[in-house]
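Colleague: I have a new model open on my screen. Can you walk me through reading it?

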Amino acid sequence: MFDPSTPPTARCPFCTICTIFKPYDPLNPPPQSSPSIDPELVSPASFVVLSTPTLIAFLDILPLSRGHLLLCPRPHRPKLTDVTDSESAELGRYLRVLSKATARATGVEDWNVVQNNGAAAAQVVPHMHFHIIPRPEIRASGRFSESFTMFGRGKREELDDDEAAQLAEELRQSVAVVLKEEEEERQKGQTIDVELSSSFLLSHWSLFRISVSFWGSLCYILIYLSNTHIM
């Protein structure tokens, strides 16, 4: 089991990326020209598409397809079982956001989410990470499935820096759009909840007034009948 008191190895490339690239607001990502996300800050070059205080996502340097991303926590966590509850929650949230953003940016609506734990399970970098792998070649060839895609396999190619810079920019903007849409949906949901609560209160207030009016009238009748009987 991972010991948090043990400092991450200097040979971990993902730790280097997490140290060099500082967090930014995903809703307002910096442009590709910003020095804060200059791919050449590390070697090999790293094209960041998301950077929060908890996690970071960047293009795979040997992608299986255009848009192949890696998502990992900033602290050195060798395996999935080593991440904290809060890190797990944010990883889960951004897996969905990045999947949606990648599908929009690449135009590919089928993808793998792959996560390996340990060398025997094909984990190359001992820093827990998810792969998001768009799968365009299946539809393009007219086939519906390929067994090699099930576990994130396929032919890898070196990342072209110019294309990667443009794609990373598109992905950052796509992430921002997805987050803004989700925030608008959340606010819309809150507005609906408030309206429903208001309607609920108004309806119950009306029933209360009717009830008070009914019982008031009934009491008046009973008092009248009682007085009449006494007389």
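Modeller: Start with contacts. A contact means heavy atoms within 4.5 Å. In this chain, take the contacts with a separation of 6 or more: residues 24 or more positions apart account for 67% of them.

Colleague: What kind of model is this, and how are residues numbered?

Modeller: Residues count from 1 along each chain as its sequence is written, and side-chain values use heavy atoms, with hydrogens and water left out. The model is predicted: local features need pLDDT of at least 70, side-chain atom pairs count only at pLDDT 80 or more, and totals for chains, interfaces and linings use all residues.

Colleague: How many helices and strands does the chain have?

Modeller: Helices (H or I, at least four residues) and strands (E, at least two) are DSSP runs, numbered from the N terminus. Here there are 4 helices and 5 strands. Their order from the N terminus is α-β-β-β-α-β-β-α-α.

Colleague: How do I read the sheet? What is the strand order?

Modeller: Two strands pair if DSSP finds at least two bridges between them. This chain has an open sheet of 5 strands, ordered S1-S2-S3-S5-S4, with antiparallel pairing. The edges are S1 (48-51) and S4, each pairing on one side only. Angles between axes (lines fitted to C-alpha atoms, for helices over the stretch in contact) run from 0 to 180 degrees between N-to-C directions. With direction ignored, neighbouring strands of this sheet are turned by 15° against each other on average.

Colleague: Which residues stand opposite each other across the strands?

Modeller: Go across the sheet. S1 and S2 (residues 55-59) are joined by 3 bridges. They form a hairpin with 3 residues between them. Valine 48 faces phenylalanine 58 in S2. Next, 5 bridges link S2 to S3, where alanine 57 stands opposite leucine 71. S3 (residues 69-73) then joins S5 through 3 bridges, with leucine 70 opposite histidine 131. Finally, S4 and S5 pair over 4 bridges. There, valine 113 has isoleucine 132 as its bridge partner.

Colleague: Which strand residues are buried?

Modeller: Buried means under 20% relative accessible area, exposed over 50%, and partly exposed in between (1.4 Å probe, protein chains only). By that cut-off, 39% of the 231 residues in the chain are buried. In S3, 5 of its 5 residues are buried. Both of its faces are covered: Leu69, Leu71 and Pro73 lie on one side, Leu70 and Cys72 on the other.

Colleague: Which residue carries the "active site" annotation?

Modeller: UniProt positions are given in the numbering used here, feature names are shortened, and annotations may be inferred rather than shown by experiment. The unreviewed UniProt entry places "active site" on His129. Histidine 129 sits in the loop between S4 (111-114) and S5 (130-134).

Colleague: Is histidine 129 buried or exposed? What does it touch?

Modeller: Histidine 129 has a relative accessible area of 8%, so it counts as buried. Leaving out residues up to four places away in sequence, histidine 129 touches Phe14, Leu70, Leu71, Cys72, Val114, Gln115 and Gln123. The backbone oxygen of histidine 127 also lies 2.7 Å from a polar atom of the histidine 129 side chain.

Colleague: How do I check a helix? What should helix H2 span?

Modeller: The expected span is 1.5 Å times one less than the number of residues. H2 (residues 85-106) has 22 residues, so it should span 32 Å; its end C-alpha atoms are 31 Å apart, which agrees. After H2 comes glycine 107, whose phi is positive, near 75°.

Key
A polar contact is a pair of N or O atoms within 3.5 Å; within protein, one must be able to donate a hydrogen and the other to accept it, and residues adjacent in sequence count only if both atoms are side-chain atoms.
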